[in-house]
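Hi,

Here is the structure I promised to pass on. Have a look at it first, and then read on for what I found in it.

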Amino acid sequence: MRSKQRPQRSCVVCRTKQDKRALTRFVFAEDKLKVDESGKMHGRGAYLCAAPNCWRPAAARSPLSKALRRELSDDDREYLRQMTPS
C-alpha cells in the first residue's frame with residue numbers, strides 16, 4: 001500500500017521545503033495582504049515558515065513582495081509585524 005504524498009512548499013525567505021500545512025500562506029485579497037488559512041483563496045500565494053527569523057525580513061525587505069509580484073504597502077508590512085510568531 002502506497003502512502004499518499006503531501007504537497008510540499010518552500011518558505012520565501014529561508015527556502016526550506018516543508019509540508020504545505022506547516023507553512024503560513026499569504027495572498028492579496030481586495031488589495032490587502034491576508035493570511036489564507038484555508039489554503040484555497042484565489043490569487044498568487046507565498047509561504048512563510050514559523051521561524052520568526054523569516055517573518056522579520058519578509059516585513060522589512062522584498063522576498064514576500066517578489067514572490068507575490070506586488071509591492072507591499074506600509075499597512076501590509078505592519079500587518080506582517082503584528083502576525084510575527086514569537
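Strand E3 (residues 24-29) pairs with strand E5 (residues 45-48) in the antiparallel sense, over 4 bridges; please keep in mind that this is a predicted model. Within that pairing, Thr24 has Leu48 of E5 as its bridge partner. E3 is also joined to strand E4 (residues 32-35), again antiparallel and through 4 bridges, and here Val27 stands opposite Lys34. The two strands E3 and E4 make a hairpin with 2 residues between them, where Glu30 in the turn has a positive phi of about 55°. Of the 6 residues of E3, 5 are buried, so the strand is largely enclosed by the rest of the structure.

Now to helix H3 (residues 74-83), which contains Asp76. Its buried residues are Asp76, Arg77 and Leu80. Seen down the axis of H3, these fall within an arc of 100°, so they line one face of the helix. The face turned away from that buried side carries the exposed residues Asp74, Asp75 and Gln82. E3, E4 and E5 are among the elements that cover the buried residues of H3, as are helix H1 (52-60) and helix H2 (63-68).

Best wishes

Definitions and conventions. Residues numbered from 1 in each chain as written. Predicted model: local features only at pLDDT ≥ 70, side-chain atom pairs only at ≥ 80, totals over all residues. Heavy atoms only, no water. Buried < 20%, exposed > 50% of the residue type's maximum accessible area, 1.4 Å probe, protein only. Pairing = 2+ DSSP bridges. Arc of directions from axis to C-beta. Contact = heavy atoms within 4.5 Å.
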